[in-house]
Amino acid sequence: MMQKEFTGRKMAAILVAGFGVVVAVNFTMAAIASGSFSGVVVENSYVASQKFNGWLDQAERQEALGWNAEASRLGDRLALDLENVPASATIYAQVRRPLGQADTRELTFVQTGEARILSSEALPAGRWIVRVSIERGDDRWVSEEQIG
């Protein structure tokens with residue numbers, strides 16, 4: 001059996017093909033990453049780190065309230081199923097798109113049952129991030145979740 005000679009051209013072709021694959025994968029991953037980044041999480045990470053313990057304390061106070069609100073779609077409306085929320089509490093909701101165009105809306109609600117409220121405004125189809133804020137006096141509960 002006769003073996004073919006391994007030349008410099010074959011080696012150059014192997015190197016070009018190998019590095020070509022690496023470069024193509026890097027450009028593809030960079031395009032995917034930059035297209036899916038929705039923005040800055042915090043403006044200044046040092047300042048955010050200084051506030052972290054306060055955020056933990058606030059989360060513990062919120063947990064102690066025992067309140068909860070689960071967001072879901074009910075037709076073209078946003079429904080909030082409430083748990084242990086006092087009737088005297090004020091409920092706010094803001095929805096925004098997770099990616100792409102900046103589309104932010106404030107919603108108002110009507111009572112549909114003892115533990116469910118429904119948005120007065122229609123919510124267009126698609127993915128939304130729902131931020132719910134419930135306040136009563138100095139007590140405040142905040143939650144953020146995605147619906148689609």
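In which order do the strands of the open sheet that includes S1 and S2 lie? The order is S1-S2-S6-S5, and the pairing of these 4 strands is antiparallel. The model you are looking at is predicted.

**First stop: the sheet with S1**

Select residues 68-74 for strand S1 and 109-111 for strand S5. S1 and S5 are the edge strands of this sheet, and each pairs on one side only. From one strand to the next, the twist averages 30 degrees.

Next, select residues 77-83, which make up strand S2, and residues 116-119, which make up strand S6. The two strands run antiparallel and are joined by 3 bridges. To look at one of the residue pairs, pick alanine 79 and then leucine 118, its bridge partner in S6.

**Second stop: the sheet with S8**

Move on to the open sheet whose 4 strands follow the order S4-S3-S7-S8, again with antiparallel pairing. Strand S4 (104-107) and S8 are at its edges; each has a single partner strand, so one side of each has no neighbour in the sheet. The twist here averages 15 degrees from one strand to the next.

Valine 95 can be picked here, with arginine 105 of S4 opposite.

Now select residues 128-136 for S7 and residues 139-147 for S8. Their antiparallel pairing extends over 9 bridges. Within S8, glutamate 145 stands opposite valine 130. S7 and S8 form a hairpin, with 2 residues between the strands. Zoom in on glycine 137 in the turn: its phi is positive, at about 65 degrees.

Select arginine 97 and tryptophan 128. What lies over the face of tryptophan 128? Arginine 97 does, at 3.9 Å from the ring centre. As for aromatic pairs, a search of the whole structure finds 0.

**Last stop: the largest pocket**

Select Leu82, Ala87, Ile91, Gln111 and Ile117. Of the 15 residues that line the largest pocket, these lie nearest its centre. The space in this pocket is about 310 Å³.

How many of the lining residues are nonpolar, polar and charged? The lining divides into 12 nonpolar, 2 polar and 1 charged. S5 gives the most, with 3 residues.

Notes
Residues are numbered from 1 along each chain as its sequence is written. This is a predicted model: local features need pLDDT of at least 70, side-chain atom pairs count only at pLDDT 80 or more; totals for chains, interfaces and linings use all residues. Side-chain values use heavy atoms; hydrogens and water are left out. Rings of Phe, Tyr and Trp (its six-membered ring) pair if their centres lie within 6.5 Å; planes under 30 degrees apart count as stacked, over 60 as edge-to-face and the rest as tilted. A charge sits over a ring if NZ of Lys or CZ of Arg is within 6 Å of the ring centre and within 35 degrees of the ring normal. On a 1 Å grid over the protein atoms alone, a cavity is a set of points where a 1.4 Å probe fits but cannot get out, and a pocket is an open set with protein on both sides within 12 Å along at least five of seven lines; lining residues have an atom within 4 Å of a point. Grid points are joined across faces, edges and corners, and a volume is the space filled by probe spheres set on the points. Ala, Val, Leu, Ile, Met, Phe, Trp, Tyr, Cys and Pro count as nonpolar, Asp, Glu, Lys and Arg as charged, and the others, Gly among them, as polar. Two strands pair if DSSP finds at least two bridges between them. Axes are lines fitted to C-alpha atoms, for helices over the stretch in contact, and angles run from 0 to 180 degrees between N-to-C directions.
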